[in-house]
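The sequence and the structure are shown first.

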Amino acid sequence: KYLLDLEFKIHLLTNSDGFGNDDFLNKFVNVVGNNKHQIFITTTIHSYLKENYESQTLVKDSYDRVIKGLKSLNKLGFNLSIIECNFMSVRRAFTL
């Protein structure tokens, strides 16, 4: 919050798993407030197939949480970047 008040731009590199948790997402949105234009979120999606994704993360249901969280952040207007993946593969994750 302090850095946002100073008008810093913040680049958050994350696995995005927490954003699939409604409580975490709501707390994040409340801290950011009207400053979402200062936040840049970057994440990696390993596969559009849940089984492949979770075989790499080794975390059960992580795929569902990540996709849910990214869809929510996108709907709220946050700046999102997805790296280290096949774009066409990831595109399918958001159209399933």
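Which backbone oxygen does the side chain of Thr 43 reach? The side chain of Thr 43 reaches the backbone oxygen of Thr 14, at 2.8 Å.

The model is a predicted one, in which local features need pLDDT of at least 70 and side-chain atom pairs count only at pLDDT 80 or more, whereas totals for chains, interfaces and linings use all residues. Residues are numbered from 1 along each chain as its sequence is written, and side-chain values use heavy atoms, with hydrogens and water left out.

**Overall architecture**

The chain contains five helices and three strands (DSSP runs numbered from the N terminus: H or I of at least four residues for helices, E of at least two for strands). From the N terminus on, their order is α-β-α-β-α-α-β-α. Of the 96 residues, 31% are buried (buried means under 20% relative accessible area, exposed over 50%, partly exposed in between, with a 1.4 Å probe and protein chains only). The chain exposes about 6300 Å², and carbon and sulfur atoms supply 54% of this area (Shrake-Rupley method with a 1.4 Å probe; for residues, only the protein chains shown count as cover). Among contacts between residues at least 6 apart in sequence, 67% join residues at least 24 apart (contact means heavy atoms within 4.5 Å).

Thr 43 belongs to strand β2 (residues 39-44) and is buried, with a relative accessible area of 1%. Residues up to four places away in sequence aside, Thr 43 touches Thr 14, Asn 15, Ser 16, Leu 70, Ser 81, Ile 82 and Ile 83. Ser 16 lies in the loop between β1 and α2 and counts as buried, at 0% relative accessibility. Beyond its neighbours within four places in sequence, Ser 16 is in contact with Thr 43, Val 66 and Leu 70.

His 11, in strand β1 (residues 10-13), is by contrast exposed, with a relative accessible area of 57%. With residues up to four places away in sequence not counted, His 11 touches Phe 40 and Thr 42.

The table lists polar contacts between side chains (a pair of N or O atoms within 3.5 Å; within protein, one must be able to donate a hydrogen and the other to accept it, and residues adjacent in sequence count only if both atoms are side-chain atoms).

| Side chain | Partner side chain | Distance |
|---|---|---|
| Thr 43 | Ser 16 | 2.9 Å |
| His 11 | Thr 42 | 2.5 Å |

The 14 residues of helix α4 (residues 62-75) should span 20 Å at 1.5 Å a residue, and the end C-alpha atoms are 20 Å apart, in agreement (the expected span is 1.5 Å times one less than the number of residues). In α4, Ser 62, Tyr 63, Val 66, Ile 67, Gly 69, Leu 70 and Leu 73 are buried. They cover an arc of only 165° around the axis, so they lie on the same side of α4 (the arc is that of the directions from the helix axis to the C-beta atoms). Just after α4, Gly 77 takes a positive phi of about 90°.

The largest nonpolar core has 15 residues, of which Phe 28, Ile 39, Ile 41, Leu 73 and Phe 78 touch the most other members (a core is a set of buried Ala, Val, Leu, Ile, Met, Phe, Trp, Tyr and Cys residues joined through side-chain atoms within 4.5 Å). Two or more residues of this core come from each of α2 (22-32), β2 and α4, and α4 gives the most, with five residues.
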